[in-house]
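I opened the notebook to write down what I looked up in this structure. My entries follow in the order I made them.

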Amino acid sequence: MRRAVVIGAGGQIGGPAVAALVRDGWEVTAASRGGGRRDDWPAEVRTPRLDREDDAALGALIGDGCDLVVDLVAYGARHARQLTGLADRIGAAVVVSTVSVYEDGKGRGFDTMGEPDGLPDYPVPIPEDQVTVSPGDATYSTGKVALERELLAAADRLPTTVLRPGAVHGPYSPLPRELYFVKRNLDGRRRRVLAFRGESLFHTSAARNVAELIRLAANRPGSRVLNACDPQPPTVAQIGVAVDAVMGVATETVTLDGPAQASVGRTPWSVEQPVLCDMSAAERELGYRPVVTYRDSLPETVEWLTRRLSRQDWRQAFPTLARAYPDLFDYAAEDAWFAARQA
């Protein structure tokens, strides 16, 4: 039986990735910081604890060798060198990066969005050979580029498929964008404001679709970079409507022609220009067909979020989201905006 080691298996993509590999006949070791087990994993899945920064522990986890390493938490050149240093014991790798590595060719990308004239204007759709930001350790995006380049430079020793997902969604997310609509509905907010006419398009990636790409790449080892996104991604307004439908509520949507006014109208998907990725390479090279649409995957996400919010304040439940969007639920500012609008 082929042996796979999944690093970061306790996260959002890890759960469905382990399940997909097991269904495909792999013997899976699902390593994570906590060493936890998902309900849909069979008993034979090993679930050891792993500190990703401990070189010796990672080497011991690989042991005498494995056919595949799936690394869901790799970041920066150091993690790439960890993997390539074990290349003689690893058959192939699949490593998750991000679409935020892309630059628009004029020095603008995700890292410049808050700067004057910093909004990127990407081609539609974005192909994998689009220019990226420079490698480094200054930001999440530059670190991911450093990771990618180190791995691809070692293609002769460790064939690696690099996957670039967009706005990942599904249960167990540390940054669940859908919370924006779910919490508002639970709080009884029946009006919302969306910037850019609600037309913002930030390509979504279901964790289960990324897992399917991992499964396919595992069966066709090679060195490549592939976008890892959903079919027909919804606009932010369509996401709101879809969440409302799952939760059985009706909400009035008010739109702004331009950007958010401070916190009013801002969402985790709010981009002025579309971020839409080309998925033809994955279809061509791996035979990729999405296993789930955004709308079909939404009920399990909404249920998971609702359950988490019943036990914890959103800031405690999702500190990563709270740091990224501290004013995500500034209802006072929104109420004042509506009052001024009606005056």
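This is a predicted model: local features need pLDDT of at least 70, side-chain atom pairs count only at pLDDT 80 or more; totals for chains, interfaces and linings use all residues.

**Entry 1: aromatic cluster.** One aromatic cluster is formed by Tyr180, Phe181, Trp269, Trp314, Phe329 and Tyr331. For the protein as a whole, I noted a count of 11 aromatic pairs.

I then took up Phe181 and Trp269. Their ring centres are 5.6 Å apart and their planes meet at 20°; the pair is stacked because planes under 30 degrees apart count as such. Phe181 belongs to helix 5 (residues 179-186), while Trp269 sits in the loop between strand 10 (252-255) and helix 8 (280-286), so the pair ties together parts that are 88 residues apart in sequence. Are these two residues buried or exposed? Phe181 has 1% relative accessibility and therefore counts as buried, the cut-off being under 20%. Trp269 is buried too, with a relative accessible area of 2%.

Next I checked Trp314 and Phe329. Here the ring centres lie 5.0 Å apart and the planes stand at 80°, so I wrote the pair down as edge-to-face. Trp314 is in helix 10 (residues 314-317), and Phe329 is in the loop between helix 11 (319-324) and helix 12 (331-342); the pair therefore ties together parts that are 15 residues apart in sequence. Both Trp314 and Phe329 are buried.

**Entry 2: Gly65.** I found Gly65 in the loop between helix 2 (55-62) and strand 3 (66-71). Gly65 has a relative accessible area of 25%, so I put it down as partly exposed, the class between 20% and 50%. Which residues does Gly65 touch, leaving aside its neighbours within four places in sequence? Gly65 is in contact with Arg3 and Arg89. I also noted Ile90, which is 25 residues from Gly65 in sequence and 5.7 Å from it in space, C-alpha to C-alpha.

**Entry 3: the whole chain.** I counted 12 helices and 10 strands in the protein chain. A compact globule of 343 residues would have a radius of gyration near 20 Å, and the chain has 20 Å, so the two agree. The C-alpha trace spans about 70 × 45 × 35 Å along its principal axes. Of the 343 residues, 56% count as buried. Among contacts between residues at least 6 apart in sequence, 77% join residues at least 24 apart.

Note on methods:
Residues are numbered from 1 along each chain as its sequence is written. Side-chain values use heavy atoms; hydrogens and water are left out. Helices (H or I, at least four residues) and strands (E, at least two) are DSSP runs, numbered from the N terminus. The radius of gyration is taken over C-alpha atoms; the globule rule is 2.2 Å times the number of residues to the power 0.38. Buried means under 20% relative accessible area, exposed over 50%, partly exposed in between (1.4 Å probe, protein chains only). Contact means heavy atoms within 4.5 Å. Rings of Phe, Tyr and Trp (its six-membered ring) pair if their centres lie within 6.5 Å; planes under 30 degrees apart count as stacked, over 60 as edge-to-face and the rest as tilted.
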